[in-house]
Amino acid sequence: MTELSTTKPASPKKRIVVIGSGFGGLATAIRLQTRGFDVHLFEARDKLGGRAYLYEQDGFRFDGGPTVITAPFMLNELFEGAGKNPEDYLNLVPVEPFYRIEFHDGRHFEYGQDEAATERLIGQFAPADLDGYRRMITHAKAIFQKGFVELSDRPFLKFSDMLRVAPDLVRLQSYKTVYQFASSYVKDPMLRRVFSFHPLLVGGNPFQTTSIYALIHYLERQWGVHYAMGGTGAIIQALGKLFCELGGHIYLSTPVKRIVVENGKAIGIETVADRAVQAHAVVSNADVANTYLKMIDARHRRKYTAAKLNRMRYSMSLFVIYFGTRKTYPGIKHHTIILGKRYKGLLDDIFNKKLLSDDFSLYLHRPTATDLSMAPPGNDCFYVLAPVPNQKSGIDWTKEANPFRNAIMRYLDERYLPGLLDNIVTERLLTPLDFETTLNTNLGTGFSFEPIFRQSAWFRPHNESEDVQNLYFVGAGTHPGAGVPGVLSSAKIAENLICQRLQ
Ligand SMILES: Cc1cc2nc3c(=O)[nH]c(=O)nc-3n(C[C@H](O)[C@H](O)[C@H](O)COP(=O)(O)OP(=O)(O)OC[C@H]3O[C@@H](n4cnc5c(N)ncnc54)[C@H](O)[C@@H]3O)c2cc1C
């Protein structure tokens with residue numbers, strides 16, 4: 001860990017403190033260090049990555065969170081901007097199919113980069129939907145062009161920024177939900193699920209999230225779904241290495257207690273160990289709600305008061321089981337989505353009623369389908385994830401975790417991974433309680449604020465704090481939102497804003 005003086009920097013370089021080393025924090029730190037700032041990155045945990053933390057146990061490597069890497073050019077940009085060749089740091093490979101989707105009735109659907117193959121499959125699955133599917137993709141492309149290409153890396157700091165895009169939003173029918181969007185083009189109930197589950201990847205309920213998020217499906221097609229050999233942890237390691245090579249400073253196991261505010265301006269931070277560090281600007285990659293609630297005194301918060309933060313809607317949480325098996329399951333694809341019988345009802349339980357249901361839908365990750373290095377020879381590496389209510393539910397995970405884990409593992413054993421229960425050699429759990437405590441996230445959400453229309457773009461907490469000058473936000477809770485491409489975009493926005501203000 002680098003040592004740091006508490007005085008203002010002696011060099012003419014302006015000092016920036018970044019709190020948190022998720023994808024958003026690391027990308028911001030690299031971008032600002034590349035632009036000549038003296039960047040100091042403080043991380044509460046003992047390793048970089050945040051939700052992309054790498055758990056290593058018994059010879060297995062488990063990526064804690066993100067596994068589906070889309071828009072790889074956004075990662076490459078970080079290296080290229082610093083004058084480096086990304087291929088010297090990362091080995092990104094395409095994954096096929098993107099997803100295999102299993103339905104409760106025993107049928108399945110797969111799609112990937114090969115558009116003709118997807119159309120053939122739709123032709124077999126629900127031939128009457130083929131034409132609607134094609135029209136849906138044309139519409140999704142237009143949304144992608146506006147929502148991702150044109151708007152995702154622009155700040156929405158003024159209401160007029162929102163008004164300017166309003167006609168496009170109406171034209172693209174963003175008043176519809178993603179499920180309504182998919183349903184207006186395809187009739188088959190299972191295909192409606194296949195083309196509407198994507199908001200779940202960024203913390204949204206397909207029945208509540210604006211159809212702007214239909215762009216995620218198009219984003220996958222545009223650049224493919226990728227995997228970094230060595231896992232997502234290898235990307236985090238590469239970003240950490242790049243930042244250090246550029247002269248950046250990393251402080252692990254160093255939680256920040258407070259953002260110091262004087263005359264309405266952030267002037268530095270104080271760590272939990274009472275070290276004071278002055279800075280010209282502070283960037284928080286920590287959960288936005290907790291940054292305001294825990295790190296900034298209430299007297300400095302006119303807009304983001306506790307009452308306002310309490311009124312906002314939060315994304316669901318996740319229950320994740322990481323496990324290694326002594327048996328291998330070569331028939332299981334890299335990314336499998338296992339949809340239960342209920343769709344709308346289950347999502348309503350999770351997002352609105354905040355109930356832990358007896359049934360579930362799952363995402364099963366098997367990195368060993370692409371990369372044998374993630375498990376010891378002859379073994380298989382997995383994680384299985386179930387969306388669950390956030391901590392507003394009052395669910396006592398110290399009691400519920402084991403029964404819920406048992407139900408999921410039994411289900412997998414019976415339907416997809418025969419013999420699983422007798423072949424587990426290592427395992428760990430991540431519950432909403434861990435999101436709340438270890439990841440310091442308000443209400444233990446997986447993805448911060450729910451991405452509904454009235455919490456998107458200008459309505460989402462801005463990348464430049466509305467309460468405290470010289471304070472910036474990057475990561476899932478600010479514009480444009482959760483997911484690796486979203487948080488990498490927020491880093492680009494923060495870089496531009498800080499350069500405009502400080503250079
Ligand atoms: C299980 C799971 C699977 C996912 N899968 C995908 C996927 O396949 N593809 C995809 O694109 N997205 C996926 N996502 C979403 C994506 O991972 C996140 O949106 C993104 O990684 C969040 O990055 P972030 O920049 O917001 O920072 P985070 O990862 O939230 O990191 C914030 C960091 O801040 C640190 N911190 C907090 N408080 C303090 C403090 N006081 N002092 C110092 N440090 C502090 C935390 O320790 C943490 O390291 C997934 C998320 C989860 C949870």
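## Close-up views of the predicted model

**View 1. Surroundings of Thr431.** Beyond the neighbours within four places in sequence, Thr431 is in contact with Leu318, Phe319, Trp397 and Ala401 (contact means heavy atoms within 4.5 Å). The model is predicted, and local features require a pLDDT of at least 70, side-chain atom pairs count only at pLDDT 80 or more, and totals for chains, interfaces and linings use all residues. Residues are numbered from 1 along each chain as its sequence is written, and side-chain values use heavy atoms, with hydrogens and water left out. Thr431 lies in the loop between β18 (424-430) and α15 (432-436); helices (H or I, at least four residues) and strands (E, at least two) are DSSP runs numbered from the N terminus. Thr431 counts as buried because its relative accessibility is 8%. The term buried denotes under 20% relative accessible area, exposed over 50%, and partly exposed the range in between (1.4 Å probe, protein chains only).

View 2. Nine of the nine residues of β17 are buried. One side carries Asp380, Phe382, Val384, Ala386 and Val388, the other Cys381, Tyr383, Leu385 and Pro387, and both faces are covered. In a regular strand the side chains alternate between the two faces of the sheet. Strand β14 (residues 317-325) runs antiparallel to β17 and is joined to β17 by nine bridges; two strands pair if DSSP finds at least two bridges between them. Phe319 has Ala386 of β17 as its bridge partner.

**View 3. The open five-stranded sheet.** The strand order is β9-β2-β1-β13-β19, with parallel pairing. At the edges stand β9 (249-251) and β19 (471-473), each of which pairs on one side only. From one strand to the next, the twist averages 20°. Three bridges connect β2 (residues 38-42) with β9, and Phe42 stands opposite Tyr251. Helix α16 lies across β1 (15-19), β13 (281-284) and β19, at about 165° to β19; axes are lines fitted to C-alpha atoms, for helices over the stretch in contact, and angles run from 0 to 180 degrees between N-to-C directions.

**View 4. Packing of helices α1 and α9.** The axes of α1 (residues 23-34) and α9 (residues 232-245) come within 9 Å and cross at roughly 25°. The two helices are therefore roughly parallel to each other (angles under 35 degrees count as roughly parallel, over 145 as roughly antiparallel, 65 to 115 as roughly perpendicular and the rest as oblique). On the α1 side, the contact is made by Phe23, Leu26, Ala29, Ile30 and Gln33. The residues contributed by α9 include Thr232, Ile235, Leu239 and Phe243.

**View 5. Helix α8 (residues 215-223) in its setting.** Seven of the nine residues of α8 are buried, so the helix is largely enclosed by the rest of the structure. The buried residues are Leu215, Ile216, His217, Tyr218, Leu219, Glu220 and Arg221. Together they pack against β6 (99-102), β7 (108-111), α3 (115-125), α4 (130-150) and α16 (484-502). After α8 comes Gly224, with a positive phi near 85°.
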